[in-house]
Amino acid sequence: MTTVMLSTMIVLLLLGFPMMMPLLIATLAAFFLFFEMLNPTIIIQQMVGGVKPSALVAVPMFILSADIITRGHSSDRLLDLVMRFVGHLRGGLAVTVATTCTLFGAVSGSTQATVVAVGGPMRPRMLKAGYSDTFTMALAINASDIAFLIPPSIGMIIYGVLTGTSISELFIAGIGPGLLILAMFSGYAVFYAWRHRIPVEPRSSWHERWRAIRRAIWPAGFPLIIVGGIYGGVFSPSEAAAICVLYAILLEVVIFRSIRLKELPGIALSTGLVTAVVFILIGAGAAFSWALSYAEVPQTIINGLNLADAEPMTVLLCIAVAFFIGCMFVDPIVVMLILIPIFLPLIRSSGLDPVLVGTMITLQVAIGSATPPFGCDIFTAIAIFRRPYMEVIRGTPPFIFMLLLTAMLLALFPQIALFLRDLLVSSR
């Protein structure tokens with residue numbers, strides 16, 4: 001049965017069908033070939049059940065707030081703030097990109113939105129300063145991975161829904177690895193600028209810095225709303241997402257006046273289209289996962305790999321490798337929907353902290369999204385930068401190495417992710 005499902009998916013993908021069709025058709029093929037004694041309405045029930053959890057309401061809300069901010073002035077103000085303080089340092093422009101991706105991740109939670117909002121305006125400035133185009137594009141693609149870890153993270157919301165893990169704890173656990181990646185990328189940016197003798201930018205005056213701080217105060221409110229509001233007990237993650245939408249509208253429509261009120265329906269329509277695709281994938285993935293579970297595929301895989309009695313570190317390594325490879329070829333959400341139910345029994349029996357596993361999975365999904373051959377962020381960059389595929393991926397190996405090093409350190413030192421979680425949970 002597994003062979004039929006996988007073969008169907010691969011053939012349909014090669015024929016150019018959108019991802020939702022291979023998922024659904026593979027599930028239907030397995031159902032009618034192997035489960036003919038069951039009622040076909042089970043598939044519909046599983047699809048509806050997949051999109052039913054209330055926590056998923058946060059996904060379209062965060063997408064909408066990211067769309068509003070991307071079209072407004074918030075990203076420009078965050079860029080200007082970072083540039084005023086580090087732009088004069090060796091490698092300052094590259095450090096600005098990495099840092100702004102981190103800040104924008106606390107606003108959008110989307111890697112692709114971050115590539116657009118930060119990579120788009122910064123690429124011409126970096127090229128003018130002397131950075132190579134391959135380095136510039138690779139930095140923008142891979143620094144956007146930080147946005148998938150820093151709360152709010154859409155990947156963590158999906159993991160939390162599928163496993164029943166606290167989304168608020170997952171959010172806070174992503175901060176440590178995100179900051180570690182930022183430190184690594186910044187160090188490499190300084191080394192690259194020194195090695196290639198990139199000239200430094202003029203130092204900003206304190207008057208310009210204070211002006212940048214005042215301009216960025218409002219956008220900086222997003223992480224306070226998300227992290228402070230959730231851990232202060234003011235509202236849930238879903239409520240935080242709704243508040244972010246309201247805050248984004250107030251900023252861009254009322255305060256900055258970068259978006260007119262009549263433009264909001266068009267932005268909402270764009271968000272609705274993206275959300276529809278995401279939710280169809282979630283529903284189709286739920287039906288696909290049910291078919292795998294009904295056929296006892298997870299147990300077969302776990303027994304075949306001799307993971308039932310494996311050490312927790314071995315289990316974590318296998319999970320990390322599976323998600324990294326999967327996201328190199330398939331959409332991250334689809335990989336999570338397929339693989340998480342397969343590994344969930346193993347996660348529970350191994351004694352691993354589900355928050356640690358969720359952070360590792362989110363990190364691997366982010367890395368795979370920016371890794372050749374088919375990482376989705378690569379194709380976003382191709383569309384934004386209008387450069388050929390080979391040129392876009394040429395500079396990615398050093399960044400992928402640093403991301404994989406982060407994953408290894410996270411496995412060896414779980415407190416990188418769990419320290420803040422444990423601190424905040426114990427203080428409640």
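Which residue forms a salt bridge with Asp 133? The partner is Arg 387, and the closest N and O atoms are 3.9 Å apart. The pair links distant parts of the chain, with Asp 133 in helix α8 and Arg 387 in the loop between α21 and α22, 254 residues away. This is a predicted model. The chain has 24 helices and 0 strands.

**Overall build**

- A compact globule of 428 residues would have a radius of gyration near 22 Å, and the chain agrees, with 22 Å.
- Along the principal axes, the C-alpha atoms fill a box of roughly 75 × 50 × 50 Å.
- Of the 428 residues, 55% count as buried.
- The chain exposes about 18,200 Å². Carbon and sulfur atoms supply 68% of that area.
- Take the contacts between residues at least 6 apart in sequence: 79% of them join residues at least 24 apart.

**Salt bridges**

- The whole structure holds 9 salt bridges.
- Side chains of opposite charge can pair when their charged atoms come close.
- Asp 133 is buried, because its relative accessible area is 15% and the cut-off for buried is under 20%.
- Arg 387 counts as partly exposed, at 31% relative accessibility.
- Arg 387 also forms a salt bridge with Glu 391, where the closest N and O atoms are 3.1 Å apart.
- Glu 391 has 15% relative accessibility, so it counts as buried.
- Salt bridges with shared partners join Arg 123, Asp 133, Arg 387 and Glu 391 into one network.
- Another salt bridge joins Arg 421 and Glu 169, with the closest N and O atoms 3.2 Å apart.
- Arg 421 lies in helix α24 (residues 415-427) and Glu 169 in helix α11, so this pair ties together parts 252 residues apart in sequence.
- Arg 421 is buried, with a relative accessible area of 10%.

**Helix α20**

- Helix α20 covers residues 354-369.
- At 1.5 Å a residue, its 16 residues should span 22 Å. The end C-alpha atoms are 22 Å apart, which agrees.
- In α20, 15 of the 16 residues are buried, so the helix is largely enclosed by the rest of the structure.
- Asp 353 caps the N-terminal end of α20. One of its side-chain oxygens lies 2.8 Å from the backbone nitrogen of Val 355.

**Helix α15**

- Helix α15 runs over residues 237-255.
- Its 19 residues should span 27 Å at 1.5 Å a residue, and the end C-alpha atoms are 25 Å apart, which agrees.
- The buried residues of α15 include Pro 237, Cys 244, Tyr 247, Leu 251 and Glu 252. Several alanines are buried too, among them Ala 240, Ala 241 and Ala 248.
- These buried residues pack against α4 (58-71), α5 (74-86), α11 (167-173), α14 (221-231) and α16 (264-294).

- Ser 144 lies in the loop between α8 (133-143) and α9.
- Is Ser 144 buried or exposed? Ser 144 is buried, with a relative accessible area of 0%.
- Not counting residues up to four places away in sequence, Ser 144 touches Cys 101, Thr 111, Thr 114, Val 115 and Asp 377.
- A polar atom of the Ser 144 side chain lies 2.4 Å from the backbone oxygen of Ile 141.
- Ser 144 and Ala 370 are 226 residues apart in sequence, yet their C-alpha atoms are 8.7 Å apart in space.

**Backbone exceptions**

- Most residues other than glycine have a negative phi, and most peptide bonds are trans.
- Arg 257 is not a glycine, but its phi is positive, at about 55 degrees.
- At 69% relative accessibility, Arg 257 counts as exposed, because the cut-off for exposed is over 50%.
- Arg 386 also has a positive phi, near 55 degrees.
- The loop between α21 (376-385) and α22 (389-393) holds Arg 386.
- Arg 386 counts as exposed, at 73% relative accessibility.
- Pro 151 and Pro 152 are joined by a cis peptide bond, with omega about 5 degrees.
- Pro 152 sits in the loop between α9 (145-149) and α10 (154-163).

Key. Residues are numbered from 1 along each chain as its sequence is written. This is a predicted model: local features need pLDDT of at least 70, side-chain atom pairs count only at pLDDT 80 or more; totals for chains, interfaces and linings use all residues. Side-chain values use heavy atoms; hydrogens and water are left out. Helices (H or I, at least four residues) and strands (E, at least two) are DSSP runs, numbered from the N terminus. The expected span of a helix is 1.5 Å times one less than its number of residues. Buried means under 20% relative accessible area, exposed over 50%, partly exposed in between (1.4 Å probe, protein chains only). A polar contact is a pair of N or O atoms within 3.5 Å; within protein, one must be able to donate a hydrogen and the other to accept it, and residues adjacent in sequence count only if both atoms are side-chain atoms. Contact means heavy atoms within 4.5 Å. The radius of gyration is taken over C-alpha atoms; the globule rule is 2.2 Å times the number of residues to the power 0.38. Accessible areas come from the Shrake-Rupley method with a 1.4 Å probe; for residues, only the protein chains shown count as cover. A salt bridge is a side-chain nitrogen of Lys or Arg within 4 Å of a carboxyl oxygen of Asp or Glu.
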